[in-house]
Structures are given as C-alpha cells and as structure tokens.
Amino acid sequence: MSSTHSRILAVDDEPLNLDLIELAFAEEPDTEIARAVHGRAAVDLLEADPNFDVVLLDLAMPVMDGLSVLKALRGQQRFAHLPIIVITANSEQKQHALVAGATDFLAKPVDIDELRLRTYNYVKLAKHQSRLNRLVEQRTRDLLNALELAKMSEFELSSRLGMATGYRDSDTGRHIKRMAMISAKLAELAGLSPDQVETLLHAAPLHDIGKIATPDNILLKPGPLSSDEWIVMQKHAEIGAQMLSGSDQFPVLKVGRIIAHQHHERFDGSGYPQGLRGEEIDIKARIVALADVFDALLSKRPYKNPFTVEETVKYVRDNRGAHFDPVLVDTLLDNLDDFLALRELYPDEAPAFTEVNHQISHSAA
C-alpha cells in the first residue's frame with residue numbers, strides 16, 4: 001500500500017479483534033502493528049514511544065476505557081493531532097467520543113477493507129502533517145536565527161557609533177562601556193524588565209551621538225565655553241535625536257533616540273533642550289544621565305583629576321532631586337559597591353579598542 005513505514009497502535013481487550021486488525025494489514029510489509037489490551041497499557045506505550053501514525057481504539061475495556069484514553073491523550077500537546085479511530089459497536093458512545101477528541105469511527109463488526117483503507121488515509125495525513133511541522137520548525141529556526149543576527153548587528157552598530165562619538169572628545173571607549181554597564185545595572189535594580197535592561201545596555205552608548213556634528217573648536221576647547229559656544233554645544237541633544245529619528249522599528253535605536261534627546265534634562269526642570277521635569281523625562285534617560293555623570297566624575301580627564309569615591313557620592317547626593325532622579329540616586333548609593341566593582345572591570349588603562357569591545361560583548365551576554 002505504501003513504501004513508507006507505518007506504525008499503528010491497536011487497542012482492544014479482545015485478542016480476536018486484535019488478530020483481525022493484524023490480518024487486515026498482513027500483506028503490507030511496511031506496516032507495523034503494536035497491540036495494547038487495555039487503555040492504560042496504550043497510554044503508557046504512547047508516552048514511552050509517541051511515534052505512531054494512527055491509533056485504533058476500542059471504547060469498552062477494563063482498567064481504562066477508550067473515552068479515558070482519548071481524554072488522557074488529547075490533554076497532551078504532543079498528541080493533539082494524532083489520528084485516533086474509534087472502533088465500537090455502541091453507536092450511542094460516538095457523541096461522547098467526538099467530544100473527547102476522536103478523529104473518526106468504524107462500526108463493529110469491522111469491514112477489513114474499509115479498516116485498511118481508512119487507516120492508511122489517516123497515515124498519509126499524519127505523515128503529511130509531520131512533514132509540515134518539520135518544515136515550520138525549520139523555518140521558525142531560520143527566522144529566529146535571522147532575528148538574532150539582526151539584533152546582534154544592531155548591538156554592534158550601536159557600540160561602534162557610541163565609541164566613535166566618545167573618541168571625538170575627552171571621553172574614552174572604556175568610559176562609554178562602563179557607563180552602559182552601570183546604566184544596565186541601575187535599570188535592573190530599578191525594576192525594568194530583562195529585555196528593557198538589555199536594550200538599554202546597547203542604547204546607552206548613543207547618548208552623545210549628536211556630538212558628531214559639534215565643531216572641533218567647541219568640542220575640543222580646553223577652556224570654558226562662551227555663551228554662544230554653549231548654545232552650539234547644547235544642540236547635540238536635538239541633533240542626536242534627529243540622527244536617530246525614523247528608526248523606531250529598531251529597539252536599540254529607538255531607545256537611543258530618546259536617551260540622546262533627554263539625557264541632559266534635569267529632574268528639577270532646569271535641563272535642556274526641552275526643560276522636562278521629573279517623570280516627564282523617560283526613565284531610561286534619567287538612568288543614563290546619572291550613570292554618565294557618576295562614571296565621569298570618577299574618571300581622569302585631560303582637564304581634571306578623578307574625584308574620590310567620597311567626593312563623587314557627595315556630588316550625587318547633593319544633586320538628588322535637582323539634577324538626578326532621587327529614587328535612582330538612592331538605588332545607586334544603596335548598591336555603591338556593585339557599581340564600583342563594575343568600574344574595576346573596565347579600567348581606563350585598557351587593551352586596544354577591538355579587544356575591549358570583544359571582552360565586554362562577552363561579559364554583557
């Protein structure tokens with residue numbers, strides 16, 4: 001009948017009925033018939049070896065009847081589409097069997113030819129469904145792999161753009177990475193979801209991307225900026241948001257746009273460019289604002305020596321509720337050792353750029 005090997009489970013408490021079923025397929029060498037003499041034995045066999053194409057099921061059996069078998073099997077996802085043909089002389093039980101999940105019926109006494117043909121029809125359907133399931137699984141794996149590659153590409157792009165921006169002024173690549181790690185840890189402690197934390201980790205380096213458009217004579221000026229120069233400098237927040245606009249289909253770039261636009265807002269409303277106040281500022285921008293200043297204060301720059309931990313704590317605490325979100329300040333200071341430990345992982349005396357990026361990419365995974 002078929003060149004494809006078929007496996008059929010026959011379940012009946014009458015040995016003669018099982019013999020008749022075997023006789024129906026006796027001339028089909030590629031068909032295997034397994035026997036079970038009651039429902040409990042059938043369920044146990046299927047749970048140990050679920051690779052059957054069709055089940056031929058009697059209803060009236062000891063130990064566990066056919067209706068109970070149907071309910072037990074249909075209650076498991078892996079047997080949700082297994083063809084189960086009920087063989088019964090009790091027409092009144094058909095409705096109950098349908099409700100319990102029977103696929104089809106055959107009336108006793110069974111016509112051997114009808115039994116064989118109908119069973120093979122369901123074998124073909126089962127094998128076709130199995131092929132479709134495998135195809136869907138493979139396509140799903142391919143899609144997930146493509147999505148993961150796209151996500152990792154977005155992460156890498158964000159990291160490289162952030163570092164390129166940092167190297168234009170006095171920031172170092174290590175500061176960018178530390179600030180991102182501190183932001184992610186602060187976001188985790190603040191209750192953001194794991195997906196939000198991961199996105200923020202990779203979006204934080206984009207906070208100053210607008211500085212790419214800031215003229216060198218202002219960005220690299222060793223002394224204080226004039227009022228006109230300061231106006232130009234402040235434009236980097238809006239420029240950064242404009243650079244990342246129209247990218248909301250990319251989660252990292254979308255969050256990066258928000259951070260670039262709002263990371264210089266202050267909790268008391270005295271920041272720029274919009275003068276947002278309190279929770280009008282996106283939580284992710286509030287996190288990056290604190291993480292950026294915290295790490296910068298502790299870092300050496302050409303124009304300043306690093307603050308001590310005590311000086312940094314005092315500055316952050318003094319600006320609680322003014323520059324910084326007070327809840328985030330409390331979270332940072334309550335977990336200060338954790339944030340200082342992150343800084344120790346990536347000191348400024350660091351390996352070359354590519355090695356730094358490689359190491360941190362692995363530690364953030």
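Visitor: In this predicted model, which residue meets Glu-114 in a salt bridge?
Guide: The model is predicted, so read each contact as computed. The side chain of Glu-114 has its partner at 2.5 Å, N to O. A salt bridge needs a side-chain nitrogen of Lys or Arg within 4 Å of a carboxyl oxygen, so this pair qualifies. The partner is Arg-118.

Visitor: What separates Glu-114 and Arg-118 along their helix?
Guide: Both residues sit in helix 5. They are 4 residues apart there, so the separation is about one helical turn.

Visitor: How many residues apart in sequence are the parts tied by Arg-7 and Asp-49?
Guide: The two side chains meet in a salt bridge. Arg-7 lies in strand 1 (residues 6-11), and Asp-49 lies in the loop between helix 2 (39-48) and strand 3 (54-58), so the pair ties together parts separated by 42 residues.

Visitor: Which class of accessibility does Arg-7 fall into, and which does Asp-49?
Guide: Arg-7 has a relative accessible area of 16%, so it is buried. Asp-49 stands at 22% relative accessibility. The cut-off for buried is under 20%, so Asp-49 counts as partly exposed.

Visitor: Where does Lys-108 find its salt-bridge partner?
Guide: Lys-108 pairs with Asp-58, the closest N and O atoms being 3.1 Å apart. Lys-108 is in the loop between strand 5 (104-107) and helix 5, and the pair is 50 residues apart. Lys-108 is partly exposed at 26%, while Asp-58 is buried at 5%. The partner lies in strand 3.

Visitor: How many salt bridges does a search of the whole structure find?
Guide: The pairs discussed include Arg-7 with Asp-49 and Lys-108 with Asp-58. The search of the whole structure gives a total of 19.

Visitor: Which helix gives the largest share of the lining of the second largest pocket?
Guide: This pocket has a volume of about 570 Å³. Its lining has 20 residues, with Phe-52, Arg-78, Ala-126, Ser-130 and Asn-133 nearest the centre. By class, the lining has 7 nonpolar, 6 polar and 7 charged residues. The largest share, 8 residues, comes from helix 5.

Visitor: What accessible area do Leu-16, Leu-20 and Leu-23 have together?
Guide: The three form a nonpolar patch on the surface. Leu-16 is in helix 1 (residues 15-24). At 58% relative accessibility, Leu-16 counts as exposed. The area of the three together is about 300 Å².

Visitor: What distance separates the C-alpha atoms of Ala-285 and Ile-259?
Guide: Ala-285 is in helix 11 (residues 283-297). At 0% relative accessibility, Ala-285 counts as buried. Ile-259 is 26 residues from Ala-285 along the chain. Their C-alpha atoms are separated by 4.6 Å.

Conventions
Residues numbered from 1 in each chain as written. Predicted model: local features only at pLDDT ≥ 70, side-chain atom pairs only at ≥ 80, totals over all residues. Heavy atoms only, no water. Patch = residues over 30% accessible without salt bridge, like charges linked within 9 Å, V, L, I, M, F, W, Y side chains within 5 Å. Areas by Shrake-Rupley, 256 points an atom, 1.4 Å probe, with all protein chains shown as cover. Helix = DSSP H or I, 4+ residues; strand = E, 2+ residues; numbered from the N terminus. Buried < 20%, exposed > 50% of the residue type's maximum accessible area, 1.4 Å probe, protein only. 1 Å grid on protein atoms, 1.4 Å probe; cavity = no way out; pocket = protein on both sides within 12 Å on 5 of 7 lines; lining within 4 Å. Points joined across faces, edges and corners; volume = space filled by probe spheres on them. Nonpolar A, V, L, I, M, F, W, Y, C, P; charged D, E, K, R; others polar.
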